[in-house]
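Subject: The structure I promised you

Hi,

Here is the structure we talked about. Have a look at it first, and then read on for what turned up.

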Amino acid sequence: MGTINKEALFSDGSSEYITPNQVMPYEAVTILLRAEEGNVEHAYLHFNRRRLEMEKKESQNGFDYFAVLVRATNKECSYLFEVQSDCETCYYQRNFASPNPEWDSAFKLVPGFDTPEWIEGAVMYQIFTDRFCNGDSGNNVETREYYYNYAHSDEVEMWSRHPSFSHVGEFYGGDLAGVIKKLDYLEELGIEAIYFNPLFVSPSYHKYDTQDYDYIDPHFGVIKEAEGSLLSEMETDNRKAERYISKVTRKENLEASNELFAKLVEEAHKRGIRVILDGVFNHCGSFHKWLDREKIYDNQPGYEKGAYGYEDSPYRNYFLFHQPNDWPDNKSYDGWWGFDTLPKLSYETSIQLEDEIMRIAAKWVSPPYNADGWRLDVAADLGTSEEYNHYFWKRFRKVVKQANPDAVIIAEHYGNPSAWLRGDEWDSIMNYDAFMEPVSYYLTGMEKHSDEFHPELCGNTDYFKGAMDWHMKQFLYPSLNCSMNQLSNHDHSRFLTRTNQKVGRVADLGYQAAEEGIRKDVMMEAILLQMTWPGAPTLYYGDEAGLCGFTDPDNRRTYPWGKEDKQILEAYKKAIHLRKNVTALKHGSFTFLKGSTSLLGYARFTREQQVIILLNHSDFALTDHISVQEAGVPKTAKLTQRLYFHDMEFSEIPVTYEVRDGKLDISLPKKSVVILVNEL
C-alpha cells in the first residue's frame with residue numbers, strides 16, 4: 001500500500017458522512033471516512049477519546065468508504081480519525097492530516113442541534129426599507145413631524161438624492177407596500193429569503209432605536225388616522241408633535257400596519273421567499289413607550305406611564321438609572337456606547353422585561369405574522385455579563401423554536417462566535433470573519449469600512465486560505481452552512497466602492513469618489529465567489545444594481561430603479577441560477593484545492609456531483625497543475641464547464657476539461673473565473 005494518500009482523505013458533518021444528519025441525544029449514528037481505494041489498511045474513529053475500529057463498507061469511483069456505528073451522548077462530542085497503511089499511520093482532523101492527533105481541530109457533533117433545512121445555502125436579500133421602494137406615498141414621514149437627535153424629521157422629495165452625512169430623521173419613503181410591489185422582481189432574481197432591517201415603530205430611518213416592539217411603524221405600513229399639527233420651525237418639544245403622536249400611538253394605524261406585514265409575509269411565502277426580522281433587544285430608543293423621554297405616550301389612552309418621568313412607572317426597572325434619583329428631572333441612564341438615544345435594556349434588574357422580550361420573540365414568528373426567524377443586533381452585548389448573555393440566548397432559542405420550529409436565529413457578531421454556536425443559542429451569524437473580511441482583503445485589499453488599504457493582502461491566496469480555514473473551523477457544520485455571507489451591508493462600505501481602493505469616508509472624499517475608479521471585473525469575481533461558497537449568500541439591496549457608497553450613511557443610497565447596471569444585474573442572475581440548479585453548490589462539502597501558483601482553487605461536492613471553482617485574481621495569465629482528488633473526483637474524469645468569466649463576458653459553452661491521475665492542467669487569463677462540474 002505504501003504511504004497514505006492524504007489528499008484523498010475526507011469527512012465532514014454533511015449527511016453523506018454522518019447518518020442521521022440531525023443527531024438526537026443518545027442516538028446511534030454512523031460516521032464515514034473517505035480514502036483512496038486500496039490505499040488504507042485500517043481506519044479507526046477516536047470518538048470522545050474512545051478508539052473504535054472502522055469497517056470498509058463500500059468502494060465507489062476510486063474511493064473506499066470506512067464506517068462505524070457509535071452512540072452520541074447528550075453533550076458536544078469530538079472525534080477524529082486514525083488511518084494506517086502497511087508503512088504509515090496518520091490522523092485526520094478537520095481539513096488536514098497530521099502525524100499526531102490534534103484535538104483542537106477535531107470534528108464536533110452536538111446532539112439535538114437542528115438548523116432549519118430551508119436556510120442551508122439559501123440565497124438571501126437584505127432590505128433597508130426606507131431606501132428600497134416607495135409603494136405608498138400616503139404613509140411618508142412629513143417634514144417637522146417631530147424633533148429627534150438635534151433635527152426635525154425631513155421628507156426627502158427627490159428619490160435619487162444622496163443621503164446626508166448624519167441626519168437620522170431623513171426619510172425617502174420606502175415602505176412595505178414598495179417591497180410587496182417588488183416581490184416579483186425578487187422572485188425573478190432568484191431570492192429565497194428576505195432579511196429586513198428593523199421595521200418596528202421608531203423615529204429614525206434606520207430604526208435601530210425601537211419605540212414599540214409590538215407594532216410595525218405606520219410610516220412603513222398604513223396610516224389611517226393622522227390628526228393634529230406639525231412642529232413649527234423653532235419648536236423642539238415633541239409633546240406638541242400632534243401629527244406624529246396620532247400616527248404612532250393610535251391602534252388603527254398600528255394594527256393596520258401589522259396586518260400589512262402579515263400580508264407581505266403571505267405574499268412572499270407564495271413565491272417561496274422566507275422573511276427574517278431584525279431584533280434589536282440589547283437596547284431600545286429614547287422614544288420607546290417604556291421610557292417615553294419625549295412624553296409621546298403621556299396621556300394617550302391604553303399606555304402606561306413611561307419610566308423617564310415617573311418613578312412609579314411599571315417599566316422603572318427596565319432601565320438602569322443613575323443616582324441621585326431626582327425624579328422627575330433625572331436624565332441619567334445607561335445608554336449603549338453612551339448614546340442617550342439608545343437606552344440599554346437592564347435585564348438583570350427585571351424578569352418582567354425578559355418575559356416581555358420573550359413574548360415579542362415568539363409573537364412575530366407565530367400566526368398571523370409567521371416570520372421565518374430573527375437576525376439579532378449586537379447580540380453579544382446584551383446584558384451586563386457573559387453568564388447572563390448566554391442564559392438569555394438559551395431561553396430565547398427555546399421560546400422561538402417552540403413557537404416556530406422552522407424559524408432561524410442569526411446573530412450579528414464580530415470575532416470568534418464559537419461560544420454561542422454550540423447548538424443551544426444561535427443557529428449562525430452574519431459571517432464577517434469567515435467571509436466578508438477575508439474576501440474583501442483578497443479581492444480589493446480593503447478593510448470593510450474602506451478605512452484601510454492593505455496591498456500585501458490583495459491577491460494573497462495563501463493568506464486568504466489560511467484566514468478562511470481558521471475562521472471556518474470555529475463553526476459547527478450546520479452553523480457554517482446557514483451563515484449569512486455578505487459582500488456589503490448597512491454597516492460597511494459597498495463592495496463595488498471597495499474595488500477602487502480609496503481609503504476614506506464620504507464626509508472626507510465626497511459622494512462622487514465612491515463611484516470613481518471602480519472595477520466591475522473584480523465585482524464579478526466576488527459575485528461568483530459568493531454564490532459558490534458554503535453558507536447563505538446574502539445580497540445587500542442594490543448591490544446587484546451596481547450601487548456604490550462609502551460606509552454608512554453613504555451605503556444606504558436608494559435603489560436606482562430603472563437605472564440599474566445591467567452587466568452586474570445579469571451577472572447576479574446567472575450566478576444565482578447556477579447555484580440553485582447545481583445541488584453541490586447549495587448542499588455540498590467544501591475543500592480547498594492544491595496548486596503551485598496564486599490561482600485560487602476550491603470545490604463544492606457530493607458523491608454524485610463535484611464542482612471545481614478556479615479564480616485567477618492576478619493581473620497576468622496563470623497555468624497550474626491542480627489536484628482535484630480532494631473533491632472526490634476520480635483519478636480519470638471529464639469536467640464540463642458550466643460558467644466562465646473573463647473580460648466582462650460570461651460564457652456558458654460546455655467546454656470539456658480532462659483529469660489525469662487526479663490532476664487538472666489549466667490556464668486562465670487575468671481576472672477570470674471558471675466553474676467546472678463532474679457528474680457521476
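To get you started: in which loop is the place of Asn95? Asn95 sits in the loop between β8 (89-93) and β9 (96-98). Before you go further, keep in mind that this is a predicted model.

Most residues other than glycine have a negative phi, and most peptide bonds are trans. With 42% relative accessibility, Asn95 counts as partly exposed. Val378 also has a positive phi, near 30°, and is a residue other than glycine. You'll find Val378 in the loop between β20 and α6. Val378 is buried, as its relative accessible area is 12% and the cut-off for buried is under 20%.

While we're on the backbone, two peptide bonds are worth a click. The bond from Pro367 to Pro368 is cis, with omega near 5°, and Pro368 lies in the loop between α5 and β20. The bond from Asp552 to Pro553 is cis as well, with omega near 15°. Pro553 belongs to the loop between β24 (536-540) and α13 (566-581).

Now the inside. Which residues touch the most other members of the largest nonpolar core? They are Tyr125, Phe261, Trp374 and Phe396, in a core of 143 residues. Take Phe261: leaving aside its neighbours within four places in sequence, Phe261 is in contact with Leu176, Leu199, Ile216, Val275, Leu277, Trp364, Tyr369 and Ala371. There is also a second, separate core of 53 residues, which includes Cys77, Ile626, Val628 and Val659. As background for your notes, nonpolar side chains tend to be buried together in soluble globular proteins.

Phe396 leads us to helix α6, where Phe396 is one of the buried residues, along with others including Tyr388, Trp393 and Val400. The buried residues of α6 are covered by elements that include α5, β20 (373-376) and β21 (408-411). You can check the length of α6 yourself: at 1.5 Å a residue, its 18 residues should span 26 Å, and the end C-alpha atoms are 26 Å apart, so the two agree.

How do α5 and α6 meet? The axes of α5 (residues 351-364) and α6 (residues 386-403) come within 9 Å and cross at roughly 35°, and the crossing is right-handed. On the α5 side, the residues that meet α6 include Ile351, Met358 and Ala362. Their partners in α6 include Tyr391, Phe396 and Val399.

Which residues of α8 are buried? They are Thr461, Phe464, Ala467, Met468 and Met472. Looking down the axis of α8, these buried residues fall within an arc of 135°, so they line one face of the helix. On the face turned away from that buried side are the exposed residues Asp462 and Trp470. The cover over the buried residues of α8 includes α7 (432-444), α9 (477-480), α12 (520-530), β25 (589-592) and β26 (600-605).

The contact involves Phe435, Val439, Leu443 and Thr444 of α7, and Val522, Glu525, Ala526, Leu529 and Gln530 of α12.

Last, a few loop residues. Asn238, in the loop between β18 (212-216) and α3 (242-249), is buried, with a relative accessible area of 1%. Leaving aside its neighbours within four places in sequence, Asn238 is in contact with residues including Tyr146, Leu231 and Glu294. Thr115, in the loop between β10 (107-109) and β11 (124-127), is buried too, with a relative accessible area of 10%. Gly38 is in the loop between β2 (28-36) and β3 (42-47) and counts as partly exposed, at 43% relative accessibility. The C-alpha atoms of Gly38 and His206 are separated by 60 Å.

Happy exploring!

Note on methods
Residues numbered from 1 in each chain as written. Predicted model: local features only at pLDDT ≥ 70, side-chain atom pairs only at ≥ 80, totals over all residues. Heavy atoms only, no water. Core = buried A, V, L, I, M, F, W, Y, C linked by side-chain atoms within 4.5 Å. Buried < 20%, exposed > 50% of the residue type's maximum accessible area, 1.4 Å probe, protein only. Contact = heavy atoms within 4.5 Å. Helix = DSSP H or I, 4+ residues; strand = E, 2+ residues; numbered from the N terminus. Arc of directions from axis to C-beta. Axes fitted to C-alpha atoms, helices over the stretch in contact; angles between N-to-C directions. Left-handed = near helix turned anticlockwise from the far one by under 90°. Expected span 1.5 Å × (residues − 1).
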